[in-house]
Amino acid sequence: MNHSLSSAQTFRSLLSLTAALSFGILLPDRIAHAADNTANAPQVTLGNDGNSNGQSLFRTLFDGQRAIGTGGMTSLEGSSGGGLATWATISGYGSDKSAGMAFHYSYVNVTNYWDQNVGASIGLFDRVELSYTHNFFQTRATGAKLGIGNGYQFDLDVAGAKVRLFGHVADNTLIPQVAIGAMYKHDSDGRIIHMVGSKHTDGADAYLAVTKLFPKVGILIDTTVRFTKANQWGIIGFGGDLDNNYHAQFEGSLGYLPPFLPGLIVGVEYRTKPRNQRFTDESNWFDVYTSYFINKHLNITLAYVSLGTIATFKNQTGFYFSAQTGF
């Protein structure tokens, strides 16, 4: 009981701190004191950065001064990071005096299901990230076997906010980039959600992420702690008849940047999951990915994913594809 209360209190504290920092840092009189001077920070270019020296209004608003790859990829939940894990990165390539933006499309196809994901995110002053994404989770013929209808589709909306506390992912120091964030999630079908034992159609996650690139050896490491009670990241609701409390879950990424092809990163990710429902087990996630930053405006990611059991169907393995454009 005390453990559950402690987890809930920690979650609420992270959620409140994220909201306070998100709004506070955006105030003009706070920006000069809160934002780091990234223009003077040593940067690592992961490929052709595609910078333009034009003085257009667009270039003023989105100056694109950060190094390529420092905005990360896009996760299933719309935040910048890997495919399965959220990183401390801020989306886009705007400096501490500008904004950045990214749009993405992702597709996951596993044994019995597929998911499409579209969304956008904006980075403000290399400090705050705001994101939104929509998941279309399609059960295909499995829906009939589950008794919810052939080709039944779950829809999940995710809105997120992230604040970089300190550090830069790609400078030449040993200090990592550290960020806190929160996500609000809404699942559209309460009837099915409650039928499978979930308590809520809406939920929120809070997380602390630590990410660092070590340029001399080409290694990228991320560790994220997430407080959540989402079932399958929220696709089948939040909480359950087995457990309805917030618990800390781990997300980790390890990437390697081979020196023979700038812009390429290969790696693995692992993510632990809560077990809230008697209806079905829920497995930890794993992937092996490769991502290529062609330039700042286009990134392509491919991955093999192993998602374990989803809604009683085991051995859900397959592939992940994502395309992202950034500014």
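Strand β3, spanning residues 99–110, is mostly covered in this predicted model, with 9 of its 12 residues buried. Here buried means under 20% relative accessible area, exposed means over 50%, and partly exposed lies in between (1.4 Å probe, protein chains only). Strands (E, at least two residues) and helices (H or I, at least four) are DSSP runs numbered from the N terminus. Residue numbers start from 1 along each chain as its sequence is written. Because the model is predicted, local features need pLDDT of at least 70 and side-chain atom pairs count only at pLDDT 80 or more, while totals for chains, interfaces and linings use all residues; side-chain values use heavy atoms, with hydrogens and water left out.

Strand β3 has partners in both β4 and β14. With β4 (residues 114–124) it pairs in the antiparallel sense over 11 bridges, two strands being counted as paired if DSSP finds at least two bridges between them. The two strands make a hairpin, with 3 residues between them, and within this pairing tyrosine 105 stands opposite valine 118 of β4. Strand β14 (residues 317–326) also runs antiparallel to β3, joined to it by 9 bridges. One of the residue pairs here is asparagine 109 with phenylalanine 319, its bridge partner in β14.

Strand β14 also holds glycine 326, which counts as buried because its relative accessibility is 3%. Leaving aside residues up to four places away in sequence, glycine 326 touches Tyr93, Met101, Ala102, Lys296 and His297, where contact means heavy atoms within 4.5 Å.

Seen as a whole, the protein has 5 helices and 14 strands. Buried residues make up 57% of its 327 residues. Of the contacts between residues at least 6 apart in sequence, 60% join residues at least 24 apart.

The whole structure contains 14 of them, each being a side-chain nitrogen of Lys or Arg within 4 Å of a carboxyl oxygen of Asp or Glu.

Another salt bridge joins the side chains of lysine 273 and glutamate 282, at 2.9 Å from N to O. Lysine 273 counts as buried at 3% relative accessibility, and glutamate 282 does so at 2%.

Two loop residues make a handy contrast. Threonine 89, in the loop between β2 and β3, is buried, with a relative accessible area of 2%. Its contacts, not counting residues up to four places away in sequence, include Thr70, Ser80, Glu129, Lys162 and Gln177. Lysine 216, in the loop between β8 (202–214) and β9 (219–228), is exposed, with a relative accessible area of 87%. Lysine 216 and asparagine 172 are 44 residues apart in sequence, and their C-alpha atoms are 8.9 Å apart in space.

Finally, there is the second largest pocket, which holds about 150 Å³ of space. On a 1 Å grid over the protein atoms alone, a pocket is an open set of points where a 1.4 Å probe fits, with protein on both sides within 12 Å along at least five of seven lines, and lining residues have an atom within 4 Å of a point. Grid points are joined across faces, edges and corners, and the volume is the space filled by probe spheres set on them. The lining consists of 14 residues, with Leu146, Ile148, Val196, Phe279 and Ala311 nearest the centre. It divides into 13 nonpolar residues, 1 polar and no charged, with Ala, Val, Leu, Ile, Met, Phe, Trp, Tyr, Cys and Pro counted as nonpolar, Asp, Glu, Lys and Arg as charged, and the others, Gly among them, as polar.
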